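Hi,

Here is the structure I promised to pass on. Have a look at it first, and my notes come after.

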Amino acid sequence: MITLVIRSHTERIGRAALRRIVLGLALLAVVLATPVLARAASPVGDWLTGEGGAVVRIARCHDGKALCGRIVGIMLDSGARMPVDWQGRPQCGFELIRPSVRRNGELWRGRIVNPRNGNRYHAQFRVDRAGQLALRGYIGLPIFGETRHWMRYDGQVPDSCRIDQTQIAAAGRNGGRARE
């Protein structure tokens with residue numbers, strides 16, 4: 001009788017310990033997988049614009065909370081001059097995406113500026129299931145806008161900001177064109 005009680009108690013402790021171990025391992029797996037999942041959907045990084053004319057780097061703004069996007073590479077023919085913004089400054093380094101804050105999980109909202117004419121638009125963006133950056137610029141309400149799809153750019157961006165067609169092709173970006 002005493003042996004049966006001790007054995008029953010030991011089995012209960014063993015099952016409880018086993019449950020705790022399994023639960024702890026499952027929790028550890030979730031914790032370790034979370035950064036990978038979050039990073040996969042992050043808009044932080046280099047993006048080839050939908051027209052393939054520029055590479056925009058999305059990174060944390062100075063405040064550390066919002067995201068900003070600057071032109072870091074421009075597709076130029078050999079000997080071509082660096083394009084300038086509406087104020088006559090080089091477009092290289094131009095802050096295209098103004099502070100954008102996270103809204104609703106994966107969606108970021110802020111402003112986007114056209115470097116050619118200075119027009120400002122509301123913007124929202126997120127990384128879609130295909131891994132592209134879906135960027136919607138609009139006036140007033142999102143329904144009054146247009147969505148462009150940018151592709152991740154894995155190539156090197158030279159300090160000169162000048163990118164040629166071979167660099168785009170080497171980065172595996174379909175000759176510099178992204179699907180719209």
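Below are my notes on the pockets, the strand pairing and one surface patch.

Before you start, this is a predicted model, with local features needing pLDDT of at least 70, side-chain atom pairs counting only at pLDDT 80 or more, and totals for chains, interfaces and linings using all residues. Residues are numbered from 1 along each chain as its sequence is written, and side-chain values use heavy atoms, with hydrogens and water left out.

The largest pocket has a volume of about 720 Å³. (A pocket here is an open set of points on a 1 Å grid over the protein atoms alone, where a 1.4 Å probe fits and protein lies on both sides within 12 Å along at least five of seven lines; lining residues have an atom within 4 Å of a point. Points are joined across faces, edges and corners, and the volume is the space filled by probe spheres set on them.) Its lining runs to 26 residues, with Glu51, Leu96, Ile112, Asn114 and Arg116 nearest the centre. By class that lining has 15 nonpolar, seven polar and four charged residues (Ala, Val, Leu, Ile, Met, Phe, Trp, Tyr, Cys and Pro count as nonpolar, Asp, Glu, Lys and Arg as charged, and the others, Gly among them, as polar).

Which strands supply at least two residues each of that lining? They are strand 2 (54-60), strand 3 (67-75), strand 5 (107-113), strand 7 (133-138) and strand 8 (145-152). Strand 8 gives the largest share, four residues. (Strands are DSSP runs of E, at least two residues, numbered from the N terminus.)

The second largest pocket holds about 150 Å³ of space. Arg57, Ala59, Arg60, Cys61, His62, Cys68, Gly69, Arg70 and Glu95 line this second pocket, and strand 2 and strand 3 are the elements giving two or more residues to the lining. The classes there are three nonpolar, two polar and four charged.

Now the pairing (two strands pair if DSSP finds at least two bridges between them). Strand 1 (residues 45-48) runs antiparallel to strand 2, joined by four bridges, with aspartate 46 partnered by arginine 57. That arginine also turns up in the lining of the second largest pocket. The two strands form a hairpin with five residues between them, and glycine 52 in the turn has a positive phi of about 75°. Strand 1 is also antiparallel to strand 8, through two bridges; leucine 48 has methionine 151 as its partner there.

Leucine 141 sits in the loop between strand 7 and strand 8. Together with Ile143 and Phe144, Leu141 makes a nonpolar surface patch of about 370 Å². (Patch residues have over 30% relative accessible area and no salt bridge, and nonpolar side chains, meaning Val, Leu, Ile, Met, Phe, Trp and Tyr, are joined within 5 Å, while like charges are joined within 9 Å. Areas are Shrake-Rupley with a 1.4 Å probe, and for residues only the protein chains shown count as cover; a salt bridge is a side-chain nitrogen of Lys or Arg within 4 Å of a carboxyl oxygen of Asp or Glu.)

Cheers
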